[in-house]
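Good morning. Please have the sequence and the model open while I talk.

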Amino acid sequence: MAVKLGEMLIRANLITAQQLEEALEYQKAHGGRLGFNLVKLDFVKEDQITTVLSQQYGVPAINLHEMEVQEAVIKMVPSEVAQKYLILPVSRTGATLTIAMVDPTNVFAMDDIKFMTGYNVEPVVASEIAIKEAIDKYYGSVHALELKKVMDEMAEVGEANLEVLEEEEEIDLATLEASSEEAPVVRLVNLILTDSIKRGASDIHLEPYEKVFRVRFRIDGVLYEIMNPPMKLKDAITSRLKIMAKLDISEKRLPQDGRIKIKVKLQGKTREMDYRVSCLPTLFGEKIVLRLLDKENLMLDMKKLGFEAESLEKFEKAILKPYGMVLVTGPTGSGKTNTLYSSISRVNTPETNIMTAEDPVEFNLEGINQVQMKEQIGLNFAAALRSFLRQDPNIILVGEIRDFETAEIAVKASLTGHLVLSTLHTNDAPSTINRLMNMGIEPYLVATSVHLICAQRLIRKVCKECKEPMQMPPQALVDIGFSEGDAAKMTVYKGRGCTNCNNTGYRGRIGLYEVLEISDEIREMILCGASAMELKNKAIEGGMITLRGSGLQKLREGLTSLEEVLRETVL
């Protein structure tokens, strides 16, 4: 049908021969049907394709968005058949079943449905996108269909062979290993891992409770419940993940950490994925959290992280200095590691010796000496830093300053001709000064060693596909920090929700940055024991953009929503 459809569209003057050629090339590279790819490339609209097919084959065209199909009709065709042939049953009249099809010439599909249901089949034409959305709506997503199939197999295979072990009972390792290797368990674990990549998740949570075992994905910083596997498979799934992460499956009382590396083929290309695995004993079993470390999602171009132009200029100036300390602060999951990796990639040259102490090492970066911390054998940040100073470094990256000892060595290293990059957990840039002094670092050492502090947060971006303006009273915008002039002419956007963004209205994230450059005036204030509030006011006078200011700028550019800015920043 593919080439025929192309010829029909050319005859109807809806596309050119060149556009058809481009679409066929695109189809070869990315797969999918020709009609879907023509719509994707914006050469033609969905309804134009359905109209042409309708006229060509003398089959009525329907708009699935404008109709509601009865559940009894949907149940007449199994979900697997609907997926296989890209069809949807829409109505039944007497002995005739009407089905919406992408390809009304597919006699195999019609024969199969006729044989299966015992009804005469009458086709109508609908667009591929509309049918896919309707299949998702009435049958559940492809993911749900696969899950149902796996669950059905589990009901037959897994539940009969598995016994839930209580903590006090003797652990039968052979049974655990055998159950974790059963096909349905392996398939479900593989499905969870691959589905997390497809959905763009950053973390996978597998959580056992008294009566439910749930799986959640963190997507763009927010947790979504994905599925509830049967309780009797809790131990088998946990053991499977522990075996993959090379952890001790007999140890159920102590936390364990490991790593899983897999190769997965998605959309025609093979990707290497790395999962950091953390296993924690809870009241009703072991909770496992997997952090996805996808190198393709690592943004090393500092211009794309979300820095305002003047903030980026200050940050780059500081990391290009030969010595001093640059601190990145913010809560867990605010993108600090990404900012630090971007910084060292920016200064990574053959003439520079860069050494990092990390816990854990998230990504392997070429040309950089990365050291994994191992507390159990005494290799902590302080011990690593001492060794680094004997390794002739130019730039030192310390994963986190957690205690006085690490802070003291880092400060001394920055004062003896090394550039030191590190992170701290503080709410904003000015309060980092006080945190260092509270750790026991003398004010004069803080004032002379620290050159710049960058506080950051991550906020969700409004989905480009379903972005639409929303009505907002100007006073509400004034209340969050806009001037009256700006508020009067501002357009605020939000996402309506579509298949592209899982109906959340958001897709992807961007950083908010507050960059505090330690000027001579601020150094004087630190030496005089100024409070965080006084430092903040002086920095704003000097042109510092606060986290709220950075959020307002993203709002002004239509990148995010008002709710996201309010969720992550304060005035």
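I start with a term: a residue is called buried when its relative accessible area is under 20%, exposed when that area is over 50%, and partly exposed in between, with a 1.4 Å probe and protein chains only.

Two remarks on where the values come from. This is a predicted model, in which local features need pLDDT of at least 70 and side-chain atom pairs count only at pLDDT 80 or more, while totals for chains, interfaces and linings use all residues. Residues are numbered from 1 along each chain as its sequence is written, and side-chain values use heavy atoms, with hydrogens and water left out.

Now helix α17, residues 430-439. Which of its residues are buried? They are Pro430, Thr432, Ile433, Leu436 and Met439. After α17 comes Gly440, with a positive phi near 115°.

Next, the sheets. Two strands count as paired if DSSP finds at least two bridges between them.

Arg92 has Leu97 in β2 as its bridge partner.

How many residues lie between β8 and β9 in their hairpin? There are 2. Leu280 stands opposite Lys287 in β9.

Another open sheet has 7 strands, in the order β12-β11-β13-β14-β10-β15-β18, with mixed pairing. Here β12 (369-372) and β18 (506-517) stand at the edges with a single partner strand each, so one side of each is left without a neighbour in the sheet. Neighbouring strands of this sheet are turned by 20° against each other on average, direction ignored.

Inside this sheet, β10 (residues 324-329) and β14 run parallel and are joined by 6 bridges. Thr329 stands opposite Leu424 in β14. Two helices lie across strands of the sheet. α13 (residues 309-319) lies across β10, β14, β15 (450-462) and β18, at about 65° to β18. α16 lies across β10, β13 (395-398) and β14, at about 135° to β10.

Stay on β14 for a moment, which covers residues 419-424 and includes Leu419. Is Leu419 buried or exposed? Leu419 is buried, because its relative accessible area is 2%. Residues that Leu419 touches, leaving aside those up to four places away in sequence, include Ala318, Ile319, Tyr323 and Ile395. Leu419 and Ile319 are 100 residues apart along the chain, yet their C-alpha atoms are separated by 7.5 Å.

Back to α16, residues 404-415, this time with α15, residues 381-388. Two packed helices are described by the angle between their axes and the distance between the axes. For this pair, the axes come within 8 Å and cross at roughly 20°. α15 and α16 are therefore roughly parallel to each other; the classes are under 35 degrees for roughly parallel, over 145 for roughly antiparallel, 65 to 115 for roughly perpendicular, and oblique for the rest. The contact is made by Phe381, Ala382, Leu385 and Arg386 of α15 and by Glu405, Thr406, Ile409 and Ala410 of α16.

Last, Glu564, in helix α24 (residues 562-568). Glu564 counts as buried because its relative accessibility is 2%. Beyond residues up to four places away in sequence, Glu564 touches Ile459, Arg460 and Tyr506.

Note on methods. Helices (H or I, at least four residues) and strands (E, at least two) are DSSP runs, numbered from the N terminus. Contact means heavy atoms within 4.5 Å. Axes are lines fitted to C-alpha atoms, for helices over the stretch in contact, and angles run from 0 to 180 degrees between N-to-C directions.
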